[in-house]
Amino acid sequence: MSEFPAKVRTQTSTPAGAHGPAGSSFPVLRSLGLDLGFLRSFLGLLMIVELVLGLLVWALIASTFYQPIPAYGWVMFVAIFFWLVTIILFAMYLLQLQMKLYMIPWPVVLVIFNTAATVLYVTAFITCSAAVQDHIRLPGDYNKRAAASFFACIVMIAYGASTFFSFQEWKGFGSNAATSQVTN
C-alpha cells in the first residue's frame, strides 16, 4: 500500500476553448446546436409556412383601416398570438431546446397547440371572410382583406396538417418496435 502513490501519475488540463474567445466561456451557448434535420421535416416545413403566411395575414389586416370592424380584432388576435407562439416553438425545436426540457411531453404539447391553432384559425378564417365588404372607405382595403382571408385559409390548412403530423409523431404511427425504443 505504501508504494501506491508513487505509481500513480496525474496530469490536469483545462477544457478546450476555456481560455478562448469571450463567448466560449458559456457552456450553454456551446451546447446549443442547430437541428437542420428539423428544417427538412414535415413539421419544420409546415412551421415555416405557418410563420410566413401567418405574418401575411396579420400584416395585410394591420395595413388597412380595420378598427371600426370588431371582427378583425379577433382575426388579429388569433393571427398574432399563434404567430408568436409558433416562432417560440420553431426556435425551440431548431435549437433543440426541447431536449433540455425533457420533463415536458413535447409531442403532446405540439398536438394540443396545433389542434387549438387549427380550431381558432377556422373561426378567424370564417370571421375574416364574412367581414370582407366591397363598400370600404379606402380603395385598397378590400383587396388586402380578401387576401388576408385567403391566407388565413391556407394557414388553417397548414395548422391542420401540423396537427396530423404531430399526432402521428406522438402516437408513433409508421414506426416499428425497434425504431420507437427510447435509449437513455
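Helix 8 (residues 141-171) holds both D141 and R145, which sit 4 residues apart, about one turn of the helix. Helices here are DSSP runs of H or I with at least four residues, strands are runs of E with at least two, and both are numbered from the N terminus. The model is a predicted one, in which local features need pLDDT of at least 70 and side-chain atom pairs count only at pLDDT 80 or more, while totals for chains, interfaces and linings use all residues. Residues are numbered from 1 along each chain as its sequence is written, and side-chain values use heavy atoms, with hydrogens and water left out.

D141 and R145 form a salt bridge, with their closest N and O atoms 4.0 Å apart. The term stands for a side-chain nitrogen of Lys or Arg within 4 Å of a carboxyl oxygen of Asp or Glu. A search of the whole structure finds 1 such bridge. D141 is buried at a relative accessible area of 3%, and R145 is likewise buried, at 1%. Buried means under 20% relative accessible area, exposed means over 50%, and partly exposed lies in between, using a 1.4 Å probe and protein chains only.

S149 also belongs to helix 8. Its relative accessible area of 7% places S149 among the buried residues. Not counting residues up to four places away in sequence, S149 touches F125, C128, S129 and V132, where a contact means heavy atoms within 4.5 Å.

Attention now turns to helix 4. This helix packs against helix 5 (residues 71-94) at an angle of about 150°, with the two axes 9 Å apart. The contact involves, among others, G44, M47, I48 and E50 of helix 4, and Y72, V75, M76 and A79 of helix 5. Axes are lines fitted to C-alpha atoms, for helices over the stretch in contact, and angles run from 0 to 180 degrees between N-to-C directions.

E50 is found in helix 4 and is buried, with 2% relative accessibility. Leaving aside neighbours within four places in sequence, E50 is in contact with L55, W83, T86, A158, Y159 and S162. E50 and F151 are 101 residues apart in sequence, yet their C-alpha atoms are 9.8 Å apart in space.

L45, in helix 4 (residues 42-62), is partly exposed, with a relative accessible area of 44%. Together with I48, V52 and L56, L45 makes a nonpolar surface patch of about 300 Å². Patches are made of residues with over 30% relative accessible area and no salt bridge, like charges being joined within 9 Å and nonpolar side chains (Val, Leu, Ile, Met, Phe, Trp, Tyr) within 5 Å. Accessible areas come from the Shrake-Rupley method with a 1.4 Å probe, and for residues only the protein chains shown count as cover.

Q96 lies in the loop between helix 5 and helix 6 (97-100). The phi of Q96 is near 60°, a positive value in a residue other than glycine. Q96 counts as partly exposed, at 29% relative accessibility.

For the chain overall, there are 8 helices and 0 strands. Of its 184 residues, 30% count as buried. Among contacts with a separation of 6 or more, 76% come from residues 24 or more positions apart. The chain exposes about 11800 Å², of which carbon and sulfur atoms supply 71%.
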